[in-house]
Amino acid sequence: TPFLRNGLVVPLRIVKIEDLTPFRKVMDINSEGKKDVTLAEKIKNKTAKIGIVGLGYTGLPLAVEFVKSGYQVIGIDINNDRVDGVKSGISYLEDVDDAVIRAFVKSGRLAATTKFDVIKDLDIINVCVPTPLTKSRQPDLTFIKSASKSIADYLSPDKLIILESTTYPGTTREVVKPILEANGLKAGEDFYLGYSPERVDPGNKKYSIKNTPKIVGGLTAACLENITLLYEQVVDEVVPVTNTEAAELAKLLENIFRNVNIALVNELTLICNRLGINVWEVINAASTKPFGFMRFLPGPGLGGHCIPVDPFYLSWKAREHSFFTEFIELAGKINENMPFYVIQRIADALNEQCKSLKGSKILLLGVAYKKDISDIRESPAFKIIELLRAKGAEVIYHDSFVPLLPGMDLESQPLTAELLAASDAAVVVTDHSNVDYDLVLKKAPVIVDTRNAMAKYKSDKVVAI
C-alpha cells in the first residue's frame with residue numbers, strides 16, 4: 001500500500017518478518033513495544049543478577065567480590081553445609097570474614113541455595129566447581145558436566161555463562177557448549193559463553209581477586225566483549241585472549257611452571273643430601289642474584305588442587321594428539337616421590353636414636369597443604385601418614401587449623417610438652433606460624449624438618465630434608 005511522504009506518493013516495500021530481526025536487535029524493541037535492556041547495559045548499571053555455581057575456595061571469594069562491586073549474587077551449591085553457612089553469615093574460609101558475609105546477606109545482596117531453578121532469573125552464571133583426577137590420573141569432569149546440565153535446564157537468551165574451573169584446553173568448547181546447546185539455544189548467538197580461570201591463592205594477604213589480573217576468553221567476539229565488560233567492573237586489570245582454549249591453557253601453564261620448578265629444587269634436595277650440602281643455604285645464596293633466577297622451595301610433596309593436578313590435565317589432552325609431555329610428567333614423578341623420601345629421612349633419624357620406624361610414635365606438625373590455612377586438598381600429609389602406618393608406626397598430629405583429618409581417623413592433639421616428649425620423632429610437614437618451635441626443640445627427641453621451619457636453631461636434634 002502506498003503512503004504519502006512530503007506530498008509524494010511512495011510505494012511500501014513488502015518485507016519478510018525475518019528481515020526485520022536485525023532491525024529489532026538494533027532498536028531493542030520487545031513484543032510489548034518496550035525497550036529491552038541488553039546484558040551489556042545490565043552489567044554497566046550493576047543490575048545484572050549473578051549466580052555462582054560452587055561455593056568453595058574459588059566461588060565464595062568471587063561471590064563476595066561481585067557483591068563488593070555492586071552486584072546482587074546468589075550462590076548455588078549441592079553442599080548443604082556451605083549454603084547454610086552463607087545463610088547464617090558464617091564463613092568457612094580463612095580469606096572471607098564472617099562479618100562480611102553477614103552484612104551482605106542482611107543487605108539482600110548475597111544469598112545461597114541448593115536449587116538450580118534460580119538460574120532462570122539470573123543474567124550471569126559463573127561455574128566454580130572442582131575438577132579432580134580419577135584414580136588412573138585422568139581428568140574428572142563430572143562436576144562440570146553436572147553443573148552444565150543443570151544450567152541448560154533453565155537457560156534462556158542473553159545470559160552469560162563463564163567457566164572458571166581449572167581444566168584442559170577445549171573443555172569450554174567441546175564439553176560445556178554442547179551440553180548448554182542441548183535445548184536448542186546456540187552459544188555465541190542466543191547466549192554468551194566464556195572461560196576465565198580462577199587465580200585464588202588461599203592465605204595470600206597481598207593478592208586478592210580484586211588486584212590479580214583476570215584472564216578472559218570468549219567463544220565468539222560477542223562473548224569476549226561481555227565477559228571482558230563484566231570483569232572490568234570487578235578487577236583492576238582484565239587480560240583478554242583470543243579464545244577459550246588460550247585462556248584454559250594459560251591457567252595450566254601457570255601451575256605447570258611451578259610444578260616443574262618445584263621438582264627441580266626437590267631433585268636438588270636429593271642431590272644435596274648425598275653430597276652433604278644444606279639445600280636451603282644453596283637456595284638462599286642463589287636467590288641473591290637480582291636477575292635471571294626465581295626462588296622455589298623444596299618440601300614433603302605437592303598439595304592444593306592446582307599444582308599436583310593441573311599437569312595431568314595437559315598430559316592427558318596432549319596424548320589425544322599423539323604428543324607426550326615427558327618433561328612435565330617427569331616433574332610430576334619427582335614431586336610424587338617426595339613423601340617416600342621424607343619417610344626415609346624419618347627412618348634415618350630414628351636409626352640414629354637406635355630406634356626403628358616400626359612401633360615408633362610419630363608426631364606430624366601441620367597437615368594442611370600450606371602454612372596458616374585449613375586447606376587439606378591433595379596435602380602430602382595424607383601420603384606420609386599412609387606410608388608411616390604401612391611401616392608399622394603410630395601417627396598422631398597437631399594442626400590448629402585442621403581439627404579433624406577426614407579418612408584417617410585422626411584428631412588434632414594439643415601441642416604440649418608431654419605430647420612432644422612422648423613422641424619418638426616430630427615431623428614438620430606444614431610450617432604454621434602459630435607453632436611454638438622453641439617448645440618443639442626443647443621437648444621433641446628428634447625433629448625432621450621438611451619446611452626449613454627450624455632453620456634458626458643450630459641443634460643436632462634437627463634433621464633437614
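Asp375 counts as buried, at 1% relative accessibility; buried here means under 20% relative accessible area, exposed means over 50%, and partly exposed is whatever falls in between, with a 1.4 Å probe and protein chains only. Its side chain meets that of Arg377 in a salt bridge, 2.7 Å from N to O. Arg377 is partly exposed, with a relative accessible area of 32%. A salt bridge is taken as a side-chain nitrogen of Lys or Arg within 4 Å of a carboxyl oxygen of Asp or Glu.

A word on the ground rules. This is a predicted model, where local features need pLDDT of at least 70 and side-chain atom pairs count only at pLDDT 80 or more, while totals for chains, interfaces and linings use all residues. Residues are numbered from 1 along each chain as its sequence is written, and side-chain values use heavy atoms, with hydrogens and water left out.

**Salt bridges**

By the salt-bridge rule the count comes to 16. Three of them are set out here.

| Pair | N to O distance |
|---|---|
| Arg173 and Glu245 | 2.6 Å |
| Glu198 and Lys251 | 3.5 Å |
| Asp375 and Arg377 | 2.7 Å |

The side chains of Arg173 and Glu245 meet in a salt bridge. This pair links distant parts of the chain, with Arg173 in helix α7 and Glu245 in helix α9, 72 residues apart. For the labels, helices (H or I, at least four residues) and strands (E, at least two) are DSSP runs, numbered from the N terminus. Arg173 is partly exposed, at 31% relative accessibility.

Glu198 and Lys251 also meet through their side chains in a salt bridge. Glu198 lies in the loop between β8 and β9 and Lys251 in helix α9, so the pair ties together parts that are 53 residues apart in sequence. Which side do these two fall on, buried or exposed? Glu198 counts as buried at 8% relative accessibility, and Lys251 is buried with a relative accessible area of 4%.

**Helix α7 and what covers it**

Back to α7, which runs over residues 171–180. Its buried residues are Thr171, Thr172, Val175, Val176, Ile179 and Leu180. They cover an arc of only 120 degrees around the axis, which puts them on the same side of α7; the arc is that of the directions from the helix axis to the C-beta atoms. What covers these buried residues includes α6 (142–152), β7 (160–163), β8 (192–195) and α9 (244–275).

Leu180, in helix α7, is buried with a relative accessible area of 1%. Which residues does Leu180 contact, leaving aside its neighbours within four places in sequence? Leu180 is in contact with Ser148, Ile151, Ala152, Leu155, Ile161, Leu185, Phe191 and Leu193, where contact means heavy atoms within 4.5 Å.

**Aromatic pairs**

A search of the whole structure finds 5 aromatic pairs. Rings of Phe, Tyr and Trp (its six-membered ring) pair if their centres lie within 6.5 Å; planes under 30 degrees apart count as stacked, over 60 as edge-to-face and the rest as tilted. The rings of Phe66 and Tyr71 have centres 6.1 Å apart and planes at 90 degrees, so the pair is edge-to-face. Phe66 is buried with a relative accessible area of 0%, and Tyr71 is buried with a relative accessible area of 0%. Phe66, Tyr71 and Tyr231 form one aromatic cluster.
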